[in-house]
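Colleague: I would like to learn how to read a structure like this one. Please take it one feature at a time.

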Amino acid sequence: MDMTPTADDLAFESEVRAFLAEKFTPDLREGAARQAGVFAEGELARTWHRILHEKGWIAPTWPREHGGPGWTPMQRYIYERECGLAGTPSLPAMGIALCGPVIMAFGSEAQKAFFLPKMLSGEHYWCQGFSEPGSGSDLASLRTRAVRDGDHYVVNGSKIWTTHAHEANWIFLLVRTRAEGPKQAGISFLLAPLDLPGITVTPILSMSGEHEVNQVFLDNVRVPAEYLVGEENQGWEIAKYLLTFERGGGSSAGRLNAQLARLKQVAKEQPGEDGAPLWDDPRFRERVMRLETEVMAIDWTERRQIASLAAGAVTNGATASILKLSVSEMLQKLAQLTSEALGSDALADQRHALGLHANEAPIGGAYALTPTARYLNTRAATIFGGSSEIQRGIIAKSLGL
Amino acid sequence: MDFQLSEEQVLLREALAGTLARLYAFDDRKAALEAEGWRRDVWTMLAGELGLFAAAEREEHGGLGGGAVDVMVIAEEMGRANALEPWLECVVLAGGLLRDVVDVDEVRAGMIDGSLIVAPALFERAARSNPHRIACRFHDGALNGEKTAVVAAPFASHLIVSARDGASEAGLYLVEATANGLERRDYRLVDGRPAADVTFTDTPAKALQIGAGARTAIDRALDAALAAQCAEAIGVMTVLLDRTVAYTKQREQFGRPIATFQVLQHRMADTAVAIERSRSMAVMAALAIDGATGGNGQDRTRSVAAAKAYVADALRLVAEGAVQLHGGIGTTDEIDVSHYFKRAFVLQQQFGTAQYHLARMADLDA
């Protein structure tokens, strides 16, 4: 066993750092520092997407033949860690990270040729139409119907928790194409432009007051049959494939370590009850160290997973669930303690100072802006992409239970 | 041993429950949040028709002469309703700070009848929840300094401000909200309630208490507010559990109500345990305020600190669990669960976190 980086890895790391130093400009850093949502707001996401696309780095997981950089797992890890540490905008995962691999694995040649370049360029901005009001954890019970009518599917139903549907121009949908038989066996994977007649997007405000998610209504929407991915009724298999990317696709260590560094910074600048920096209080430091050990455990689990991927192993569902569970709970714990470290400034609703176009200063120091909003927003992290209860069920199943 | 509420207390609770449920119906409450963040007519009603503000005041001051148990009953109902009005700060805490002060009859009477709103301004950014680290100065009849997260400051008529005088003695001072040199930065707390950071620049102020009297008043009043806060937390947590039980019984996934899954049942059972134990702590704290625990003199501070430390952790467990078990809908602004969640968040931190109160306990034992 040896995790010493090779000379190539070190050269790559320098290249990534040099790129970020040049292209992740103070303006962009300022914008990224004002984000508290799961993903960066659309305008910032588009700008950063364009910059990464120009560099050829927008799709770290994609192979070279489809326009990816063709990186090794180790290079992907280095890239994501450096971006996380630098605090680059969190780009919406729905296109490049989720729908792209699905089209590569299950799409027709025509679909690959049409969709993948537009996904890379950012011309297509994707959202994910999986959950429904009646189908959350029990996703396979979904009821949005797609009925074949000549060259089209006629789609009726509703999707919910659709992140960035108000920014997107395309949606990938799980739809019911067969009512009989096992519920998993009657689902198809369908793509649709959001400007088709009959599609309505309505906002859902989160408890922090932000607009990230939506409900999407589909009323007699005629979707061309050429947008079916894979075979009719193959959708569940495709969805399960996609969910392994949603749950354990990338490396979160950089982002978690950046949050940890932020927590320490706050504790060093923020006074404790005795007037000395909070960081001087060993009781508080110990709580931070406890979180740090957990971040290390996640970081090294990710490294081990990357090494096994590099050795040719296939992504394993239980590992993806272990990472999804760990990272989502870690994000919550880090946000909670960072918010607590702020003292009375943690209590302020900072929504008027958040986002690219806010013109109010935060209450308290600049670092007081996002932690509490993150604490509120990360409540969703243990719910979306399969709740923690679902992940634990998958892990239990992998034990033969 | 007697843990029964008196007949009057039971009647008070019942009367309050009905009225508050009506006043804080979800849509009305949300409309108030989107408007001013509080409602003067509701404030007047709490004071007048319901007479809540007189509960703990002495009879010679026009109060009802009640104790911390009466306050506990009110607080729990305020929590259950997720009331927006700053009763905890501007009545329980402010009333406590004024209780032993002579020569403030007019302000106290106005506070009791709801015509005046007195916002305590005790905390500073550089000292978090420690009320005895005070940088504000009082000199020549005027205040200089800053107080943070002063709840109700945007609409208060008066502020009670802690400051140090030339001899570095702590004191409490009364300031009119319209006084010269008083500047506010208004904002909302996470739970939607109006607050402000307040700066004083040669602001005229009237001394209420100086020295040992002020320190005692601050400790006593904060302990009473903390005990009330614990009771309010019981109301908040009870609703969160009730909503979660109801939702999981009604929400079906995998062909059955999700409440039938044992893992969810156990989480709700843990919640129930935390609430039951929190209630015991809230009762203990209230009795400690009234000097009715059968303990010794230092009992009050230790009991109250322990109660807040325990209840703060319970609030987090219960609130986070409630949102988790509601799934996506629990994270939205559209359901009252998220509003109770945010109130629970504020209650955890306001007047000190669990860690701060554990440290107070540890210091008492040192």
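This is a predicted model: local features need pLDDT of at least 70, side-chain atom pairs count only at pLDDT 80 or more; totals for chains, interfaces and linings use all residues.

Colleague: How many helices and strands does chain A have?

Modeller: Helices (H or I, at least four residues) and strands (E, at least two) are DSSP runs, numbered from the N terminus. Chain A has twelve helices and eight strands. Its radius of gyration is 22 Å, close to the 21 Å given by the globule rule for 401 residues, so chain A is as compact as a globular protein of that length. The radius is taken over C-alpha atoms, and the rule is 2.2 Å times the number of residues to the power 0.38.

Colleague: What share of the residues of chain A counts as buried?

Modeller: Buried means under 20% relative accessible area, exposed over 50%, and partly exposed in between (1.4 Å probe, protein chains only). In chain A, 54% of the 401 residues count as buried.

Colleague: Which strands pair with each other, and in what sense?

Modeller: Two strands pair if DSSP finds at least two bridges between them. In chain A, strand E2 (residues 145-149) and strand E3 (residues 152-160) pair in the antiparallel sense over five bridges. A:Ala146 of chain A stands opposite A:Val155 in E3(A). E2(A) and E3(A) form a hairpin with two residues between them, and A:Gly150 in the turn has a positive phi of about 65 degrees.

Modeller: Strands E6 (residues 199-205) and E7 (residues 211-224) of chain A also pair in the antiparallel sense, over seven bridges. A:Leu205 has A:His211 in E7(A) as its bridge partner. This hairpin, of E6(A) and E7(A), has five residues between the strands, and A:Gly209 in the turn has a positive phi of about 90 degrees.

Colleague: Where does A:Gly136 lie, and which residues does it touch?

Modeller: A:Gly136 lies in the loop between strand E1 (126-129) and E2 of chain A. Contact means heavy atoms within 4.5 Å. Not counting residues up to four places away in sequence, A:Gly136 touches B:Arg251 and B:Gln253. A:Gly136 is partly exposed, with a relative accessible area of 29%.

Methods. Residues are numbered from 1 along each chain as its sequence is written. Chains are lettered from A and ligands numbered from 1 in the order in which they are written. Side-chain values use heavy atoms; hydrogens and water are left out.
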